[in-house]
Amino acid sequence: MRLDDILYFAPGVRFSEVDLSGTELPSQFERRLRGFYLDPAVLLAKSNHAFASGLVLISCIEALARVQTVGKKGDGQRFKDYIKNELKSFKDDDIAERLWEDFRNGLVHEARIKEGGQFSLDPPHTVDFSHSILTVNPLALADEVSDALSNFVTSLKSDGALLDRFLKQICSDFADELEK
């Protein structure tokens, strides 16, 4: 995000301040995903903008899947593997497939959720799959994504090999921004 002439990696963290030694990078990355994705998604949901909230959360999940499942083939498999392994409500293959195909692909490629799927604040839990329609509560989904992010950051701080792989991915993904 650019404010005036400053490009930010995360709220309050300029790209020039990204810690490429890796020590602070996990916390900076967490600040990025919370500040640019999770916090806005929660604000949107609490303002009864469930659809917009869900869209932002799908983008956040995609970002986490990208950095956490490096080396997996194909975006679809990476996304589905990530949600089945990291989000408790998506362990079922059919539900994971529907989130990928109907929500992620529908939103990104067609500006809609396919097969009658919907984001709604009504179900008290993350997923409701009744009458062949998948309904996802974005507030509950935000909680699951937040927990997954916290777990990933904890792993980054304690696993040197994982941190090295993550650092390489960040340097590759943000090469243009980090050079400036």
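This is a friendly conversation about a predicted model of one protein chain.

Biologist: Let's start with the whole chain. How many helices and strands does the chain have, and what pattern do they follow?

Modeller: The chain has 7 helices and 6 strands.

Biologist: How do you know that the radius of gyration agrees with a compact globule?

Modeller: A compact globule of 180 residues would have a radius of gyration near 16 Å, and the chain has 17 Å, so the two agree. As for its extent, the C-alpha trace spans about 50 × 35 × 25 Å along the principal axes.

Biologist: Good. What share of the residues counts as buried?

Modeller: That share is 46% of the 180 residues. The chain exposes about 9,200 Å², with carbon and sulfur atoms supplying 47% of that area.

Biologist: And what share of the contacts with a separation of 6 or more comes from residues 24 or more positions apart?

Modeller: Such residues account for 48% of those contacts.

Biologist: How far apart are the mean positions of the positive and negative charges?

Modeller: They are 2 Å apart, taking 22 positive and 30 negative charges into account.

Biologist: Now for single residues. Why is V13 called buried?

Modeller: Buried means under 20% relative accessible area. V13 has 5%, so V13 is buried. You will find V13 in strand 3, residues 13-14. Beyond four places in sequence, V13 touches Y8, Q28 and R31. V67 lies 54 residues from V13 in sequence, and their C-alpha atoms are 19 Å apart in space.

Biologist: What makes A140 buried?

Modeller: The cut-off is again under 20%, and A140 has a relative accessible area of 16%, so A140 is buried. A140 belongs to helix 5, residues 138-158. Leaving aside neighbours within four places, A140 is in contact with H125 and T126. P123 is 17 residues from A140 along the chain, with 9.2 Å between their C-alpha atoms.

Biologist: Let's turn to the loop between strand 5 and strand 6. Why is H131 called exposed?

Modeller: Exposed means over 50% relative accessible area. H131 has 77%, so H131 is exposed. The loop that holds H131 runs between strand 5 (127-130) and strand 6 (133-136).

Biologist: What makes the phi values of H131 and S132 worth a look?

Modeller: Most residues other than glycine have a negative phi. H131 is not a glycine, yet its phi is positive, at about 55°. S132 is not a glycine either, and its phi is near 65°, a positive value.

Biologist: Finally, R34. How do you know that the side chains of R34 and S150 make a polar contact?

Modeller: A polar contact needs a pair of N or O atoms within 3.5 Å. The side chains of R34 and S150 are joined at 2.8 Å, so the pair meets that limit.

Biologist: Where is R34, and which residues does R34 touch beyond four places in sequence?

Modeller: R34 sits in helix 1, residues 25-46. R34 touches D39, P40, S146, L149 and S150. C60 is 26 residues from R34 in sequence, and the C-alpha to C-alpha distance of this pair is 9.1 Å.

Key
Residues numbered from 1 in each chain as written. Predicted model: local features only at pLDDT ≥ 70, side-chain atom pairs only at ≥ 80, totals over all residues. Heavy atoms only, no water. Helix = DSSP H or I, 4+ residues; strand = E, 2+ residues; numbered from the N terminus. Rg over C-alpha atoms; globule rule 2.2 N^0.38 Å. Buried < 20%, exposed > 50% of the residue type's maximum accessible area, 1.4 Å probe, protein only. Contact = heavy atoms within 4.5 Å. Areas by Shrake-Rupley, 256 points an atom, 1.4 Å probe, with all protein chains shown as cover. Lys, Arg positive; Asp, Glu negative; His and termini not counted. Charge placed at Lys NZ, Arg CZ, Asp CG, Glu CD. Polar contact = N/O pair within 3.5 Å; in protein donor to acceptor, adjacent residues only side chain to side chain.
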